[in-house]
Amino acid sequence: AFVKQIDDRTSVELETAQRLRQDPRKDTYFARLWLNREDGAGRQWSVGVEQRWNGPDEREVRLLQQVGYDWGPLEFRTRLEQRFVDVDPQTGVRLRQRVGTTIPLTDSEDGWALTGDAEVAVTLRNTEPGGQKGVTGLRTFVGFERSYGRYDVSLGYLRQQDIRDGAEDRVGHAPFVGLTVNF
């Protein structure tokens, strides 16, 4: 990710990621552009757009709206997505709720911290008529984070569970490496 502060409360972020997977899932690549604004109460409001490539023959565009907020030591993020998949006939709508926390491992502001979160995906409207609705995914993450000046590094483990009606859930396990550059 690349983050540029516009003023004390506003930033623009370009985020990209690659997920290299085995069958039956295809490799996924995406790029997201965010506009973030913090309000007087410390909540971060964001709007974004995402272009996603799911394997060689499927494209998806997502419109994203989210708010991030804290409640004591807990960090929450609520995201609403509108999904436009080129091989499916209707616009999908999904709500994602994440809760997590970060525990500093040193007294230094730039020291290592242990972090973890869990996110539930609730499909309100599937991109396929008659497709599954309700809780359709659970993503969990545990790892370590550290800042090095303008660079933020994240190393951890990601578990993705696709919850499927009438079929065995799909579960993926992946190492996670993240780098954010702050300008």
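1. Arg37 is partly exposed in this predicted model. Its relative accessible area is 35%.

2. Arg37 forms a salt bridge with Asp7, with the closest N and O atoms 3.6 Å apart. Arg37 sits in strand β3, whereas Asp7 belongs to the loop between β1 (2-5) and β2, so the pair ties together parts 30 residues apart in sequence. Asp7 is partly exposed too, at 36% relative accessible area.

3. Arg37 also takes part in strand pairing. It is the bridge partner of Thr10. Strands β2 (residues 10-19) and β3 (residues 28-38) run antiparallel and are joined by 10 bridges.

4. On the overall fold: 11 strands close into a barrel, in order from β1 through to β11, with mixed pairing. From one strand to the next, the twist averages 20°.

5. Glu50 lies in strand β4 (residues 44-54). It is buried, at 1% relative accessibility. Its side chain makes a polar contact with the side chain of Arg52, at 2.7 Å. Beyond its sequence neighbours up to four places away, Glu50 touches several residues, including Phe30, Glu60 and Arg62.

6. Glu60 and Arg62 form a salt bridge with each other, the closest N and O atoms being 2.7 Å apart. Glu60 is buried at 2% relative accessibility. Arg62 is buried as well, at 5%.

7. The model has 17 salt bridges. One of them links Arg170 to Asp162, at 3.5 Å between the closest N and O atoms. Arg170 is partly exposed at 31%, whereas Asp162 is buried at 14%.

Definitions and conventions:
Residues numbered from 1 in each chain as written. Predicted model: local features only at pLDDT ≥ 70, side-chain atom pairs only at ≥ 80, totals over all residues. Heavy atoms only, no water. Helix = DSSP H or I, 4+ residues; strand = E, 2+ residues; numbered from the N terminus. Buried < 20%, exposed > 50% of the residue type's maximum accessible area, 1.4 Å probe, protein only. Polar contact = N/O pair within 3.5 Å; in protein donor to acceptor, adjacent residues only side chain to side chain. Contact = heavy atoms within 4.5 Å. Pairing = 2+ DSSP bridges. Axes fitted to C-alpha atoms, helices over the stretch in contact; angles between N-to-C directions. Salt bridge = Lys/Arg side-chain N within 4 Å of Asp/Glu carboxyl O.
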